[in-house]
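Thanks for making time this morning. I would like to walk you slowly through one model, so please have the sequence and the 3D view open while I talk.

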Amino acid sequence: MAKKRFGYGDYYCWNCGRNIETGCDNCPSCGASYEGEGKFGEVKALGAGGVGWSNQEKHKSFAAYHKRNRRTFQICMVILSLIIGVVLFVVPGELDFDEEGLKIYAGVLAIVWAIDLAWYFISNKTSKSWEGVVSGRRTEDYTTESKDDETGRVTVKPHTRYIVLFRTNDGKEEKLSVVDNPAWYDYLKDEDRVRYHGSKGMNYYEKYDKSHDETIPCAGCGSDRDARENFCGRCGCIIMKAKNGGDNK
Ligand SMILES: [Zn+2]
Ligand SMILES: [Zn+2]
């Protein structure tokens with residue numbers, strides 16, 4: 001089986017999480033049906049998430065996913081560095097291949113790799129995890145204006161900020177604010193019990209009672225998954241649901 005090297009465009013078995021090729025009807029590992037109507041058998045999506053915390057935030061599939069992402073990003077950075085070199089030295093009228101030119105190239109590379117390093121630290125940032133309830137939800141509409149330098153025309157773009165407020169168990173307020181993407185706002189309802197996972201590479205709001213949703217957001221790639229999936233078909237991360245090893249407390 002040809003192994004794909006990049007983190008995107010891969011497919012994973014919804015049942016066992018194994019990396020599989022597109023076009024398979026059944027998982028070569030666990031035999032689960034992968035395509036078509038009978039994919040999940042008679043099981044209904046509603047209720048499949050179960051009630052209870054998943055306790056899977058340290059599952060190895062998350063580490064593997066982040067490792068693949070980092071590797072993909074590093075490869076892109078190397079390619080970007082080479083392209084910049086080609087543009088600077090090979091395209092006529094840019095730089096001469098001499099000491100002066102090399103110094104400028106080195107300067108540009110330093111900036112590129114500083115951005116890479118910054119991204120590495122941001123993506124590995126750990127924030128405190130907490131538990132609480134949804135205490136409020138609201139939206140804010142606003143507009144941004146951008147001016148075209150050539151024509152002088154001003155374009156006004158409407159935006160919506162989707163805000164979810166939480167009251168943590170130790171009496172603090174937390175806030176989730178996302179621009180132009182209602183996914184969390186739609187998923188998290190008033191008075192829902194929530195556990196926020198802020199550990200390395202994770203930024204995830206787990207709902208205690210997942211039995212009222214047909215979909216569950218993936219804690220790896222963020223895509224909406226069918227509640228019957230055990231693993232995300234897109235990124236291979238385990239789905240954080242009670243039925244995947246939760247303690248139901
Ligand atoms: Zn499988
Ligand atoms: Zn995913």
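Helices (H or I, at least four residues) and strands (E, at least two) are DSSP runs, numbered from the N terminus.

Before going on, a word of care: this is a predicted model, in which local features need pLDDT of at least 70 and side-chain atom pairs count only at pLDDT 80 or more, while totals for chains, interfaces and linings use all residues. Residues are numbered from 1 along each chain as its sequence is written, chains are lettered from A and ligands numbered from 1 in the order in which they are written, and side-chain values use heavy atoms, with hydrogens and water left out.

Which atoms hold the zinc ion (ligand 1)? Its protein donors are the SG atoms of Cys13, Cys16, Cys27 and Cys30, lying 2.3 Å from it; donors here are N, O and S atoms within 2.8 Å of the metal (3.2 Å for Na, K and Ca), and as water is not among the atoms, sites may look incomplete. The angles among the 4 donor atoms run from 106 to 115 degrees, and the site is tetrahedral, a label given to four donors if all angles lie between 85 and 135 degrees. Cys16 counts as partly exposed because its relative accessibility is 29%, and Cys30, at 34%, counts as partly exposed too. Buried, for comparison, means under 20% relative accessible area, exposed over 50%, and partly exposed in between (1.4 Å probe, protein chains only).

Now to the zinc ion (ligand 2), where the SG atoms of Cys218, Cys221, Cys232 and Cys235 are the protein donors, lying 2.3 Å from the ion. The donor residues of this zinc ion (ligand 2) are spaced C-x2-C-x10-C-x2-C in sequence, and the arrangement is tetrahedral because its 4 donor atoms subtend angles of 98 to 115 degrees. Cys218 and Cys235 are both buried.

Staying in that part of the chain, Glu229 is found in the segment after strand 9, and it counts as buried because its relative accessibility is 4%. Setting aside neighbours within four places in sequence, Glu229 is in contact (heavy atoms within 4.5 Å) with Trp14, Lys39, Phe40, Ile239 and Lys241.

Finally, the aromatic side chains: the whole structure holds 15 aromatic pairs, where rings of Phe, Tyr and Trp (its six-membered ring) pair if their centres lie within 6.5 Å, and planes under 30 degrees apart count as stacked, over 60 as edge-to-face and the rest as tilted. One of them is the edge-to-face pair of Trp53 and Tyr208, at 5.0 Å centre to centre and 65 degrees between the planes. This pair links distant parts of the chain, 155 residues apart, with Trp53 in the loop between strand 2 and helix 1 and Tyr208 in the loop between strand 7 (204–207) and strand 8. Both Trp53 and Tyr208 are buried. One aromatic cluster, to close, is formed by Trp130, Phe166, Trp184, Tyr187, Tyr196, Tyr204 and Tyr205.

Technical notes. Four donors count as tetrahedral if all angles lie between 85 and 135 degrees; four count as square planar and six as octahedral if opposite donors are over 155 degrees apart and all others between 65 and 115; anything else is irregular.
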